[in-house]
Amino acid sequence: MATTPSDDSATPITVLGLGAMGSAIARTFLDRGHPVTVWNRTAAKAVPLAEAGAATAATAAEAAAASPLVVACLLDHEAAEEVLADVGGAAAGKVLVNLTSGSPAQAREAARWAGEHGAEYIDGGIMADPPDLGTPHAHFSFSGSRAAFDAHEATLRELGTGTYYGADAGLASVEFMAQVATAYELLIGFLHTLRLVRAEGADPAEFADRVADSVADDYPALLRGIGKAVRDGAFPPDMGPLSVQAALMDDLIDHRRSLGVDTTRMREVKHLMDRRIADGHGDEGFSGLFPVLGDGS
Ligand code: FVH
């Protein structure tokens, strides 16, 4: 199906799902002059958007039929599946942009559904909060139909900045899930450490300010160096040699334990360091732990 190039201000857009994010998406497109049709399971959430000029639809199928570009933003994959089942044949000839969070496998499954129903599919991950929509602070990952993305890129970029990762519909989710996981992995350790900071009578907010400064100054180069080391399989002594780093771990773990602070992650770090050193790699840095991850270590 030919996907006509979009005149981005004139493209009619349908938004399925008017939660915090879906409403922000619909409002962003309204503000930029698009004819917008909205639908939500709980119809009351469509009222503010109708007052802002959106057309409302009684069903998801009716909403999808109203526009060439259909954007779905629902709680999760199961919700999206239910709504797309209601859309059914109305998807034919449409470009379906699914901004619902989900796994790469779920994105590929949705892309298969779209293909079976005559629609072109773009998957997207939203790395932003609703108020960021329409600003450069909203970052999107996209994947799926290149032709559909090219035709509607200008419209999609009205939501924020975006990167297209390729025709495999799962690639946007790979990026999104990895970005979200990185944040959770970093922040859960930070939260546990704030318990230690507070238990020792230090001010958690002032400590957080110091960490923020350190992250801004040192972490970008460190993260890039670790990524390169993992890609190339060569592990320089980032953060110092493991033999030196490991010497601190028992004291660090004992300190946390003495304050009743979780030691799970620090015991994992120590175990990995000990394994890597025992394998003869004590001269490598923290990135040198990568080869012993996931091998039952
Ligand atoms: N909000 C955020 O900051 C994050 C930022 C990162 C990306 N996420 C993802 O965006 C999706 C939507 O999130 P949301 O914040 O809009 O979530 P809610 O405000 O809870 O709205 C959920 C909408 O989904 C509808 N819904 C839920 N279950 C069903 C269902 N079975 N059938 C049909 N619709 C369903 C719900 O409808 P209702 O409860 O109002 O009737 C809302 O429209 C999400 O993937 C985030 O991970 C946002």
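Helices (H or I, at least four residues) and strands (E, at least two) are taken here as DSSP runs, numbered from the N terminus. On that basis, D129 has its place in the loop between β6 and β7. This is a predicted model, in which local features need pLDDT of at least 70 and side-chain atom pairs count only at pLDDT 80 or more, while totals for chains, interfaces and linings use all residues. Residues are numbered from 1 along each chain as its sequence is written, and side-chain values use heavy atoms, with hydrogens and water left out.

**Strand β7 and its partners**

- Strand β7, residues 139–144, is mostly covered, since five of its six residues are buried, where buried means under 20% relative accessible area, exposed means over 50%, and partly exposed lies in between (1.4 Å probe, protein chains only).
- Strand β6 (residues 120–127) runs antiparallel to β7 and is joined to it by six bridges; two strands count as paired if DSSP finds at least two bridges between them.
- Within β7, G144 is the bridge partner of I122.
- Strand β8 (residues 161–164) pairs with β7 in the parallel sense over four bridges, and T163 in β8 is the bridge partner of S141.
- From β7 the chain crosses through helix α6 (residues 146–156) to β8 in a right-handed β-α-β crossover, a term that applies if, with the strands pointing away from the viewer, the path from the first strand over the helix to the second runs clockwise.

**The largest nonpolar core**

- The largest nonpolar core has 32 residues, of which I25, V38 and L99 touch the most other members; such a core is a set of buried Ala, Val, Leu, Ile, Met, Phe, Trp, Tyr and Cys residues joined through side-chain atoms within 4.5 Å.
- Among the elements that give two or more residues to this core are β1 (13–16), β2 (36–39), β6, β7 and α6.
- Helix α1 gives the largest share of this core, six residues.

**Exposed loop residues**

- D129 counts as exposed because its relative accessibility is 51%.
- The C-alpha atoms of D129 and F142 are separated by 17 Å, and the two residues are 13 apart along the chain.
- M239 is found in the loop between α8 and α9 (242–258), and M239 is exposed, with a relative accessible area of 54%.
- The phi angle of M239 is near 60 degrees, which is a positive value in a residue other than glycine.
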